[in-house]
Amino acid sequence: MADSIEDMIRAYGLTKHYGGKPGKKAVDDLGFEVLPGTVTGFLGPNGAGKSTTMRMLLGLDAPTRGRATIGGREYAGHPAPLHEVGALLEARSVHPGRSAFHHLMALAHTHSIPRSRVEAVLGLAGISEVARKRVKGFSLGMGQRLGIAAALLGDPATVILDEPVNGLDPEGVLWVRNLLKSLAAEGRTVLVSSHLMSEMALTADHLIIIGRGRLLADTTVERFVRESGTGTVKVVTPEAGRLAELLAAPAVHITGDTPGVLDVRGTDAEHIGRTAAAHGIPLYELTPQNASLEQAFMDLTRDSVEYVASTGAPQPEGAAA
Amino acid sequence: MSSPTPTRNPAPPSAAPTTATTASAGYRLSTRGVLRSEWHKLWTLRSTWIALTAGVALVLAVGITMGATYDGDDAEIDTIVFTLFGTQLSQICLAVLGILVTAGEYSTGMIRASLTAVPTRLSVLWSKAGIFTAVAFAVSLVTNVVTFLAAQIWLAGSDKELTLTDDGVLAALTTSAASLTLLSLIALGLGALLRSVPGAIGAFVGGVIILPEIAAMLPLDAIDTAVRYFPAQAASSLGSVARVENTIAPGTALLTLALWAAVIIAASSVLLKRRDV
């Protein structure tokens, strides 16, 4: 089934204004493609516009400008929408007074999906035993599992999940991770949002990163790691101040939290070592460090975070010792 | 209640989605499917059973009480109006149920799941309206007939003795059920329009029941005439064997109520298509 290029998600110049006011844009001229057969991570800080974008893909919110298609058509244009796309939305979309089984059965009826399929997805999500209980009593994790069961109900070619690991225990997180990979391996298109880079690094092949509604990066996880920084080099020396001055260059960033320790970015260990040797500066340690993915993500989105904690001291940055 | 035993996750997560692939070719969104879905949704909530049971019980209890305690004092009141006095109370139960059917989906977030399954949207609202109308009318009609027959056990031999086959009796019992249903359908439409359960209940009680009564008190003939075409006032000409004074004709009343309901459902349809969820 879902192995043709026809099943991809495309967004063209998607724009959404808050409350009809042009001033505040939740999503701003966003364009991207999501290909079948891979897990695509949709990343951004809180308030970046991930959920709004997903709601526009599903036709729940109308874009102010632009267009989104799934499998070559707008979502509402498909004869069997639940068979085309399965979605888990961030906000709970379940009547708490109904049981999990009846919730899924009500959705299944719309597409003439048989009861056996409802029972299959309940089993798949590991909630068969609580299926007859009202959703009211469900924990956050069980609610997420029910949402994922609903997303898989129509055996969809495309799966869109908004923060699926929210509220799940480690076992559940692992389950979602494997589920996403196997869905992609079956040739389905998988778009999954998160605000955690570390989680996406373990699950996704491709990354779409947004901040303040704008596209910041459209890349593979591998390339993101490679390009996100040359990595830093940790230098321990008694003459930190002098070495920092000698290394200073436009592309070089030096930070130092502890006296005598420098974190140097923008150059390599060889250059630092030669510079130190040429000036007779003793080095106690010279260690190249791979950039942490989370740090790279934070660097990329720093200018576009919506809510910055006021108590956290800003990271010292730039050629200062 | 503990979380579901995670170790019971079916072994390869790929198993279920793949196995269904062959059968899933028949999955298709259809109007019949949406009707079945709305039918299923209606009966799988406790609030439905509570509202309907309360509505039926109120009409029956009041009807039997009226019949059993009749001593000739209210001879001038129409027998069907007299017997079905409880519909004044069951009207609130049915209107609240209508509001829960639509606005209840917004307050719980269920609407997002409903409109993801049915992105064309309109068939969701129309199926809700259709199923609700059928259920409310059937329940009201049966309740009215049973209440009439029960009350007649005591009224037999009095000046309020009537049989189902007497002139106008079945028509009065039927138009009473129709007026209950159409007023509740207006409430359902208000629920879809306002997307809030308390908001819609307020609008129904304030705007449909109380406000016209106040307007009618104004000493202006034009307003007096206009108010007769308001939903609750039109409804008051229904459910009576004798013609009710100061109201429009029953046929006109039914048409008026149906038009009110149609206009409100149409307005909520337009907004349903246009608004973000």
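In what order do the three strands of the open sheet in chain A run, and is their pairing parallel or antiparallel? In this predicted model, the order is β2-β1-β4, and the strands pair in the antiparallel sense. The edges of this sheet are formed by β2 (25-34) and β4 (65-70) of chain A, each of which pairs on one side only. On average, neighbouring strands are turned by 20 degrees against each other, direction ignored. Strand β1 (residues 9-17) of chain A is joined to β2(A) by six bridges, and the two run antiparallel. Within this pairing, Ala11(A) has Phe32(A) in β2(A) as its bridge partner.

## Chain A as a whole

Chain A contains 11 helices and 13 strands. Of its 321 residues, 52% count as buried. The accessible surface of the chain comes to about 13600 Å², and 53% of that area belongs to carbon and sulfur atoms. Among contacts in chain A between residues at least 6 apart in sequence, 71% join residues at least 24 apart.

## The four-stranded sheet of chain A

A further open sheet in chain A consists of four strands in the order β11-β12-β10-β13, with antiparallel pairing. Because β11 (253-255) and β13 of chain A each have a single partner strand, they stand at the edges, and one side of each is left without a neighbour in the sheet. Neighbouring strands here are turned by 20 degrees against each other on average, direction ignored. Three bridges pair β11(A) with strand β12 (residues 261-265) of chain A in the antiparallel sense. His253(A) stands opposite Arg265(A) in β12(A).

Helices also pack on this sheet. Helix α9 (residues 240-247) of chain A touches β10, β11 and β12 of chain A, and its direction makes about 15 degrees with that of β12(A). Helix α10 (residues 269-278) of chain A touches β10, β12 and β13 of chain A, and its direction makes about 160 degrees with that of β13(A).

## Salt bridges

Side chains of opposite charge can pair when their charged atoms come close. Over all chains, the count comes to 17 salt bridges.

| Residue pair | N to O distance |
|---|---|
| Asp155(A) and Arg188(A) | 2.9 Å |
| Lys234(A) and Glu285(A) | 3.8 Å |
| Glu105(B) and Lys41(B) | 2.9 Å |

The salt bridge between Asp155(A) and Arg188(A) links distant parts of the chain, 33 residues apart. Asp155(A) lies in the loop between α5 (140-152) and β6 (158-162) of chain A, and Arg188(A) in the loop between α6 (170-185) and β7 (189-194) of chain A. Both residues, Asp155(A) and Arg188(A), are buried.

The salt bridge between Lys234(A) and Glu285(A) involves two strands of the four-stranded sheet. Lys234(A) is in strand β10 (residues 232-236) of chain A and Glu285(A) in strand β13 (residues 285-289) of chain A, so the pair ties together parts that are 51 residues apart in sequence. Lys234(A) counts as partly exposed because its relative accessibility is 25%. Glu285(A) is likewise partly exposed, with a relative accessible area of 30%.

In chain B, Glu105(B) and Lys41(B) form a salt bridge. Glu105(B) lies in helix α5 (residues 87-108) of chain B and Lys41(B) in helix α2 (residues 31-43) of chain B, so this pair ties together parts that are 64 residues apart in sequence. Glu105(B) is buried, with a relative accessible area of 4%, and Lys41(B) is buried with a relative accessible area of 4%. These residues belong to a network of salt bridges that links Glu38(B), Lys41(B), Glu105(B) and Lys128(B).

## Surface features of chain B

Ile92(B), Val205(B), Ile210(B), Ile214(B) and Met217(B) make a nonpolar surface patch of about 440 Å². Helix α9 (residues 197-216) of chain B supplies the largest share of this patch, three residues. Val205(B) is placed in helix α9 of chain B. The relative accessible area of Val205(B) is 31%, so the residue counts as partly exposed.

Elsewhere in chain B, Ala61(B) is found in helix α3 (residues 46-68). Ala61(B) is partly exposed, with a relative accessible area of 42%.

Key. Residues numbered from 1 in each chain as written. Chains lettered and ligands numbered in written order. Predicted model: local features only at pLDDT ≥ 70, side-chain atom pairs only at ≥ 80, totals over all residues. Heavy atoms only, no water. Patch = residues over 30% accessible without salt bridge, like charges linked within 9 Å, V, L, I, M, F, W, Y side chains within 5 Å. Areas by Shrake-Rupley, 256 points an atom, 1.4 Å probe, with all protein chains shown as cover. Salt bridge = Lys/Arg side-chain N within 4 Å of Asp/Glu carboxyl O. Buried < 20%, exposed > 50% of the residue type's maximum accessible area, 1.4 Å probe, protein only. Pairing = 2+ DSSP bridges. Axes fitted to C-alpha atoms, helices over the stretch in contact; angles between N-to-C directions. Contact = heavy atoms within 4.5 Å.
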